[in-house]
Structure formats: C-alpha cells, structure tokens
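You asked for a first look at this model. Here are my notes, point by point.

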Amino acid sequence: MALDLFSPVSLGSIALKNRMVMAPLTRNRAGEGGVPQAINAAYYEQRATAGLIITEATPISTMAHGYPALPGIYTDAQVAGWLKVTDAVHAKGGKIILQLWHVGRISHPSLLPNGALPVAPSAIKPEGKAFTYKGLVDYVEPRALEVSELSGIVADFVHATKYSLAAGFDGVEIHAANGYLLDQFLRDGSNKRTDNYGGSFENRARLLLEVTKAVVAVAGSDKVGIRISPVNPFNDMHDSNPQALFNYVVDELNQFNLAYLHAVEGGIHGGGIADPFDFDALRKHFKGAYVANLGYDKVRGNAAIASGHADAIAFGVPFIANPDLVQRYKADAALNEADSKTFYGGSEKGYTDYPFLNA
Ligand code: PHB
C-alpha cells in the first residue's frame, strides 16, 4: 500500500505513529514568568494523537522574547511547567518537541529586560508593528550584535536545549524561519554585516551552523530538527537569491544528520510568496527526512507523501480548531472552523474548547 498521512515514520530517533505533525503555533497563554500552566498542558494533551507535536515557539532567554505571554525555556520554574505538558502528552502516547526561539529584532524594549533594545544582525528597523502588552506599537531600530556577543547567543541555545531535555521533550526544533533572529542572519534584506557573519552565503549561515553544531552536541543529532522559510516575506523579510542561499544552507545542514528539515513553503499570515522557489529541488538537497508545511489538507498531504516530496506534513490552523484532526481525516469527517480572534491570547475560549468528534 502506498504511504500516506497515517503511516508511521521515524524522524531521527523520534518514532511517530502517523505523519501528521502539529505545527508550532504562538498562542500567548503562558503564565507569569513564562511558566506553562495546567491549561497549556490540557491544550497539548488534547492534540496528542498527532504523530508529533512541535510546541509554540519558545524564547531561549529573556532577550529572546517578542510578544506577550510567551512560555520560556530558561528557568527552573519553566522546566517544571513544561514537565506537566510533556507528561500529559506522553501519557496519551504522543510525542512532543520544543521549538527553540530567539526573535531578534521582532520585539520591543517594553518586552525586554530593563527596556533593552532588541538585537539583530544589523541595525535595520523592520516595517510593521510590535505586539506589546499595550497593543500595537512601531518597531524600533534594533542594536546590531557585536561578534563577541554571538557565542552568548549560541550558549543560550545550548542552555535552552539542556532545559528542554530536562523538561522531558523528545527533541528540539531550531527556529530558523519567519524573520526571527537566525533567519535575519540568513537573508540579505536584514543582514548587511561586513564581518564573518555577513555577505557570502557561508558567512550568513555561520551563526545557524554554530547553533546547530552546539545543540546537536547536547541533544544528539537524531533529536534535532530545523525549521526554515526561504521565501516567507512576513516580518519584512527578503533575500536577493533565496533558492541558491537555502540550497546552500541545506547542503551544509547535511553534515549533522538531523532528525528532519521542516520547511514553510510560502508566506504565512496570508502573505503570499514574494519570490519563485522550487521546494522539490530544496527537498532533494536534503539527505534526511523532510516535513512540509503551509496550507496542506488531507488530499495535498497524502499526495506529498505518496510522491516522496515529504515524509510528514505539519498542520497549523487545522490543529488549532480540531484537537482530533487525525481521527477526522481518517473518517473524512467535517472540520471545526478556526476562530482567528482567539488565536493570540485569552484563556480556554478558542484554545481548549474546540469540540471533539465523539464528545
Ligand atoms: C506569530 O506570532 O505571528 C508568529 C510567531 C512565530 C512564528 C511565526 C509567526 O514562527
């Protein structure tokens, strides 16, 4: 029988009972101090029938925050909160990994310690508005990181990886997508550096590869995935030659034998694709498992798996509104509609109250 969304698969050493991955989804419902609460555990537990859950993007340090009410993965209290999440998911037979996040310039002094300026590869203010506790405000011009500070960023990723493992996660995903710090280094619209971290593909990929090497040394390559978004314009991102850049990045990532490569195959938040891009060609550069994301449904997901384009499919909005998405796809049942007004912030409404098929 041909492979489909319901076929088991292993991503590195992580054995999935099916190929339906819950995509990382920012929900802004963590407790004080970035500590996950019982309601967060309930939300993830409800979705444990996914082959794999990737947590919402999770700041690796106090400087990595860029939105209200995010959970973190750098304090002991956060580890204790996440342990309740991983225990609940594991008790239901699920697998869950944490997405390691540094937002870089997509932040605001009001979200950072002592009103610090956000950090970035270059001092370039992004277009658009920051989400703060006081609503939407203009982004500020970030501070360009000194070369001497970059080992500290790598160290923060390492610390967060250790804390993720202590919190019971089955692995970690390095967030190198969607216009946040590592992506800001990769793409030349946001990286104008003239040192070893700017200019050539080799230089722009250097920080990502240093982070990957360090995270792999802690977690083991078979527990580490990476997410990229080569042509996503969200967060004021652009690159002059994305296909060549990301083919190069993927070629370099091959040296690590990662659990998987996860690609956002377009522009999120309805942003469209700014540049033409051949994701099949990108996929062929990568020697390991490939997780495809963005706008997939059952039919397109099954087709991508049957054709060999993808080994698994990450679903975002469908998993927000359908905790039992796997069962619904199996039964060809109708889906609940997602309420975008409750995506970011609030409590159980639009979070843990979407109905199950057999409720
Ligand atoms: C968002 O909050 O809109 C968001 C967060 C993380 C992402 C993408 C989007 O990777």
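Predicted model: local features only at pLDDT ≥ 70, side-chain atom pairs only at ≥ 80, totals over all residues.

1. **The barrel.** Start with the strands. A closed barrel is formed by 8 strands, in the order β3-β4-β5-β10-β11-β12-β13-β14. The pairing is parallel. From one strand to the next, the twist averages 25 degrees. As background, strands of a sheet pair through backbone hydrogen bonds, either parallel or antiparallel.

2. **Where β3 meets β14.** Strand β3 covers residues 20-22. It pairs with β14 in the parallel sense, over 3 bridges. Val21 has Ala314 in β14 as its bridge partner.

3. **The other neighbour of β14.** Strand β13, residues 290-293, runs parallel to β14, and 3 bridges join them. Here Val291 has Ala312 as its bridge partner in β14.

4. **Side chains of β14.** Which residues of strand β14 point one way, and which the other? Ala312 and Ala314 point one way from this strand, residues 312-315. Ile313 and Phe315 point the other way. All are buried.

5. **β10 and β11.** Look next at strand β10 (residues 172-176) and strand β11 (residues 224-228). They run parallel and are joined by 5 bridges. His175 stands opposite Arg227 in β11.

6. **The largest core.** The largest nonpolar core holds 81 residues. Leu100 and Ile174 have the most contacts inside it. Helix α5, residues 201-219, supplies the largest share, with 9 residues.

7. **Around Leu100.** What does Leu100 contact, leaving aside its neighbours within four places in sequence? The list includes Ile60, Ile73, Phe157, Val172, Ile174 and Val215. Thr58, Thr161, Ser164, Glu173 and His175 are also among the contacts of Leu100.

8. **Helix α2.** This helix spans residues 76-91 and has 16 residues. From its first C-alpha to its last it reaches 22 Å, close to the 22 Å expected at 1.5 Å a residue. Its buried residues are Gln78, Val79, Gly81, Trp82, Val85, Thr86, Ala88 and Val89. An α-helix has 3.6 residues a turn, so residues three or four places apart point the same way. The buried residues of α2 pack against α1, β4, β5 and α3. Gly93 follows α2, and its phi is positive, near 80 degrees.

9. **Helix α1.** In α1 the buried residues include Asn40, Ala41, Tyr43, Tyr44 and Gln46. β3, β4, α2 and β5 are among the elements that cover them.

10. **Two positive phi values.** Most residues other than glycine have a negative phi. Check Asn178 and His269 against that background. Asn178 has a positive phi, near 60 degrees, and lies in the loop between β10 and α4. His269 also has a positive phi, near 55 degrees. Its place is in the loop between β12 and α7. Are these two buried or exposed? Asn178 has a relative accessible area of 5%, so it is buried. His269 has a relative accessible area of 53%, so it is exposed.

11. **Arg283.** This arginine sits in helix α7, residues 279-285. Is Arg283 buried or exposed? Its relative accessibility is 12%, and buried means under 20%, so Arg283 counts as buried. Neighbours within four places in sequence aside, Arg283 is in contact with Gly288, Ala289, Tyr290, Gly308, His309 and Asp311.

12. **Lys129.** Strand β7, residues 129-132, holds Lys129. This lysine is partly exposed, with a relative accessible area of 43%. Not counting residues up to four places away in sequence, Lys129 touches Leu136, Val137, Asp138 and Tyr139. How far is Lys129 from Ala69 in sequence and in space? They are 60 residues apart in sequence and 17 Å apart in space, C-alpha to C-alpha.

Methods
Residues numbered from 1 in each chain as written. Heavy atoms only, no water. Core = buried A, V, L, I, M, F, W, Y, C linked by side-chain atoms within 4.5 Å. Buried < 20%, exposed > 50% of the residue type's maximum accessible area, 1.4 Å probe, protein only. Helix = DSSP H or I, 4+ residues; strand = E, 2+ residues; numbered from the N terminus. Contact = heavy atoms within 4.5 Å. Pairing = 2+ DSSP bridges. Axes fitted to C-alpha atoms, helices over the stretch in contact; angles between N-to-C directions. Expected span 1.5 Å × (residues − 1).
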